[in-house]
Every structure is written in structure tokens, then in C-alpha cells.
Amino acid sequence: MHYLTNDLFFPPVSQANRDGVLAIGGDLSTERLLLAYKSGIFPWFEPGDPILWWSPNPRMVLFLEELIVSKSMRNILNRKNFKVTFNQNFREVIAHCQNVKRNGQTGTWITNDMIEAYCNLNNLGIAKSVEVWQNEELVGGLYGIDLGTIFCGESMFSLVSNASKVAFIALVEQLKTQNYKLLDCQVYNPHLESLGCREIKRTEFMSILSNEN
């Protein structure tokens with residue numbers, strides 16, 4: 001475990017432990033967060049705990065052409081009950097991601113400090129959001145870090161059925177039109193797998209990332 005100082009530095013991701021934890025400490029400054037994502041690293045920690053920096057192996061990703069849209073999901077999209085916007089209300093999206101209840105979790109890993117840090121990144125055009133609306137109300141969305149040809153997904157929320165899937169699919173379709181290479185989803189979960197995401201070795205992920213930086 002590496003303990004970070006005020007120096008803007010991360011150790012090689014190969015030094016992460018078996019769980020994927022690479023370092024502890026540091027801060028959530030814009031410079032450090034941007035360095036982290038460009039280095040295949042992201043923060044993830046509980047409120048009140050020191051900042052933990054992760055680079056898991058394997059890594060959950062979506063190769064955009066592998067997106068799975070089920071027949072039932074296509075029917076939902078064709079009904080056009082949802083409106084999708086991009087980067088129109090970042091702060092409200094991340095606030096919903098902080099507050100939404102998740103199965104198996106008693107709290108949130110999105111602290112107030114993280115909200116401010118990512119809103120700062122949004123002001124710089126680095127962090128971006130997708131919003132899903134129904135009857136003029138925000139009912140779903142996601143946010144992440146845009147590295148130019150790789151989008152690093154951070155969190156999503158859904159207040160009505162399928163809203164987060166609508167956001168995810170809309171994001172992928174937009175990334176396709178802009179020739180992005182990959183959507184980074186960080187760690188495995190079955191919801192992401194159902195959409196076509198899969199795990200790859202960290203070395204493969206880092207090779208793709210290094211070719212895009």
C-alpha cells in the first residue's frame with residue numbers, strides 16, 4: 001500500500017494489491033484526479049475514511065460494438081417515453097447518484113467533497129453527464145470522465161425502471177458516432193454484463209489507455 005504525499009504522483013498500477021487498491025491519501029484536486037484517470041486509477045472510499053485509489057484486475061469495460069440492447073429494451077426506446085440530454089444538469093445527476101439506494105449497500109461512496117471535485121471537472125469539460133427525463137422530471141442518468149477517446153463511467157441512477165439503461169445506451173450510441181474506443185466501467189456487476197460489458201486483464205486495459213493518452 002502506497003501512502004501519497006502532496007506530490008502529484010501515483011505508483012505503477014501493477015503494484016496494486018489483489019483487491020485492486022493501489023494507494024491511500026492524497027487529495028481530490030483537479031490535477032490529481034485527471035492524472036489518476038489517465039493512469040488507469042480512480043478514487044473509491046467510504047465517507048470518513050482516507051481516500052483510496054484503485055486499479056482493479058480484471059477491469060470491466062465495454063467495447064462499444066459489443067453493446068447489447070435486448071428486444072424488450074428496444075421496445076422501450078421505440079416508445080419514446082424518455083427524453084435524453086447530455087451534460088445539461090451534471091450536479092443534479094451526481095447528487096442523485098449519491099442519494100439513490102442500492103441493493104447490498106447501506107450508504108454511499110460519493111462524498112460531498114467528491115461532488116464538488118467532479119463538478120469542478122465538469123466546469124472544465126472533463127466530467128460529463130447523461131440525463132434521462134420523463135414528463136419533464138429527471139428520472140435517471142449517469143456521469144463519468146471524458147478522456148477524449150475513452151469514457152470512464154463513474155456512477156448511474158434510476159428512479160423509474162430502465163432509466164439508467166436508457167442513459168447508458170444513449171451514451172454508447174453517442175460515443176460510437178465520435179469514434180471512441182472504449183467505455184470503462186471499472187468493476188464487474190451483472191447489470192453491466194447484461195449490457196455487453198466484460199472483464200479484461202488490467203494489462204490490456206492499460207495498453208489501450210496508453211495508446212490514447
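User: Lys 128: how accessible is that residue?
Analyst: Lys 128 is partly exposed, at 29% relative accessibility. Buried means under 20% relative accessible area, exposed over 50%, and partly exposed in between, with a 1.4 Å probe and protein chains only. This is a predicted model: local features need pLDDT of at least 70, side-chain atom pairs count only at pLDDT 80 or more, and totals for chains, interfaces and linings use all residues. Residues are numbered from 1 along each chain as its sequence is written, and side-chain values use heavy atoms, with hydrogens and water left out.

User: Which residue does Lys 128 form a salt bridge with?
Analyst: Asp 146, with the closest N and O atoms 2.9 Å apart. A salt bridge here is a side-chain nitrogen of Lys or Arg within 4 Å of a carboxyl oxygen of Asp or Glu. Asp 146 lies in strand E8 (residues 137-146) and Lys 128 in strand E7 (residues 127-134), so the pair ties together parts that are 18 residues apart in sequence. Strands (E, at least two residues) and helices (H or I, at least four) are DSSP runs, numbered from the N terminus.

User: And Asp 146, buried or exposed?
Analyst: Buried, at 14% relative accessibility.

User: How many salt bridges does the structure hold?
Analyst: Six. One of them joins the side chains of Arg 198 and Glu 66, at 2.8 Å from N to O. Arg 198 is in strand E11 (residues 198-200) and Glu 66 is in the loop between strand E5 (59-62) and helix H2 (71-79), so this pair ties together parts 132 residues apart in sequence. Arg 198 is partly exposed at 36%, and Glu 66 is partly exposed at 28%.

User: What about Arg 91, which residue is its salt-bridge partner?
Analyst: Glu 116, with the closest N and O atoms 2.9 Å apart. The pair links helix H3 (residues 90-99), which holds Arg 91, to helix H4 (residues 112-123), which holds Glu 116, 25 residues apart. Arg 91 is partly exposed at 43%. Glu 116 is partly exposed too, at 39%.

User: Switching to Glu 131. Which strand is that in?
Analyst: Strand E7. Glu 131 is buried yet has no salt bridge. The nearest side chain of opposite charge, Lys 83, is 9.1 Å away. Lys and Arg count as positive, Asp and Glu as negative; His and the chain ends are not counted.

User: Which backbone nitrogens does the Glu 131 side chain reach?
Analyst: That of Asn 89 at 2.9 Å, and that of Asn 87 at 3.4 Å. Residues touching Glu 131 include Phe 86, Phe 90, Val 93 and Leu 138. Contact means heavy atoms within 4.5 Å.

User: Now Asp 184. Buried or exposed?
Analyst: Buried, with a relative accessible area of 0%. Asp 184 lies in strand E10 (residues 182-186). The Asp 184 side chain makes a polar contact with the side chain of Arg 59 at 2.9 Å. A polar contact is a pair of N or O atoms within 3.5 Å; within protein, one must be able to donate a hydrogen and the other to accept it, and residues adjacent in sequence count only if both atoms are side-chain atoms.

User: What else does Asp 184 touch?
Analyst: Among them are Met 60, Val 61, Phe 151, Cys 152 and Phe 205.

User: Last topic, the four-strand sheet. What's the order?
Analyst: E1-E2-E4-E3, open, with mixed pairing. Strands E1 (2-4) and E3 (42-43) stand at the edges with a single partner strand each, so one side of each has no neighbour in the sheet. Two strands pair if DSSP finds at least two bridges between them.

User: In which sense do E3 and E4 pair?
Analyst: Antiparallel, over two bridges, with E4 covering residues 52-54. Phe 42 stands opposite Trp 54 in E4.

Definitions and conventions
Lists of a residue's contacts leave out its neighbours within four places in sequence.
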